[in-house]
Amino acid sequence: GAGVIGGTLACWNHPFEVARIEAQTLGNMGKPVGSMVTVMRDIVRVDGVGGLFRGIVPRVGLGIWQTLFMVTGAKLIKDELQKREWIAVP
């Protein structure tokens, strides 16, 4: 529940990441790069609003996995350490 929501919300800045990568690509090709707003406007003009969300599905999946791993993984490790009496039970 919360891990899935947290992992999904971690992607709030995805359109900015798409624009940053686009700007870096243009710059590496020696093409002029405008402001972030200009780059985002160009992406929308060419690909529509959906262009700002290219690759969002894998990023959401990664965010969910990372959040679940941090939450669940930490709990599993804590439980195992308590079971072995390597840490005190609060």
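Helices here are DSSP runs of H or I with at least four residues, numbered from the N terminus. Everything in these close-ups comes from a predicted model.

**View 1. Helices α2 and α3 cross.** Two packed helices are described by the angle between their axes and the distance between the axes. Here, helix α2 (residues 14-28) meets helix α3 (residues 36-47) at an angle of about 95 degrees, and their axes are 9 Å apart. Angles of 65 to 115 degrees count as roughly perpendicular, so that's the label for α2 and α3. On the α2 side, the contact is made by Pro15, Phe16, Val18, Ala19, Arg20, Glu22 and Ala23. From α3 come Met36, Val39, Met40 and Ile43. Sort the residues of this contact by class and you get 9 nonpolar, no polar and 2 charged.

**View 2. A look along α2.** Just after α2, have a look at glycine 30, which takes a positive phi of about 80 degrees.

**View 3. A look along α4.** Helix α4 has 28 residues, and the distance from its first C-alpha to its last is 40 Å. That's close to the 40 Å expected at 1.5 Å a residue. Buried residues in α4 are Val60, Gly63, Ile64, Thr67, Gly73 and Gln82. What do the buried residues of α4 pack against? Their partner is α1 (2-9).

**View 4. Glutamate 80 and its partners.** Side chains of opposite charge can pair when their charged atoms come close. Lysine 83 and glutamate 80 do this in a salt bridge, 3.4 Å from N to O. Both residues sit in helix α4, 3 residues apart, which is about one turn of the helix. An α-helix has 3.6 residues a turn, so residues three or four places apart point the same way. Arginine 84 also forms a salt bridge with glutamate 80, and here the closest N and O atoms are 2.6 Å apart. How open are these side chains? Lysine 83 is exposed, with a relative accessible area of 61%. Arginine 84 is partly exposed at 47%, and glutamate 80 is partly exposed at 29%.

**View 5. Aspartate 47 meets arginine 54.** Here's another salt bridge: aspartate 47 pairs with arginine 54, with the closest N and O atoms 2.9 Å apart. Aspartate 47 is partly exposed, its relative accessible area being 41%. Arginine 54 is partly exposed too, at 38%. The count of salt bridges comes to 7.

View 6. Glutamate 85 lies in the segment after α4 (56-83).

Note on methods:
Residues are numbered from 1 along each chain as its sequence is written. This is a predicted model: local features need pLDDT of at least 70, side-chain atom pairs count only at pLDDT 80 or more; totals for chains, interfaces and linings use all residues. Side-chain values use heavy atoms; hydrogens and water are left out. Axes are lines fitted to C-alpha atoms, for helices over the stretch in contact, and angles run from 0 to 180 degrees between N-to-C directions. Helices (H or I, at least four residues) and strands (E, at least two) are DSSP runs, numbered from the N terminus. Angles under 35 degrees count as roughly parallel, over 145 as roughly antiparallel, 65 to 115 as roughly perpendicular and the rest as oblique. Contact means heavy atoms within 4.5 Å. Ala, Val, Leu, Ile, Met, Phe, Trp, Tyr, Cys and Pro count as nonpolar, Asp, Glu, Lys and Arg as charged, and the others, Gly among them, as polar. The expected span of a helix is 1.5 Å times one less than its number of residues. Buried means under 20% relative accessible area, exposed over 50%, partly exposed in between (1.4 Å probe, protein chains only). A salt bridge is a side-chain nitrogen of Lys or Arg within 4 Å of a carboxyl oxygen of Asp or Glu.
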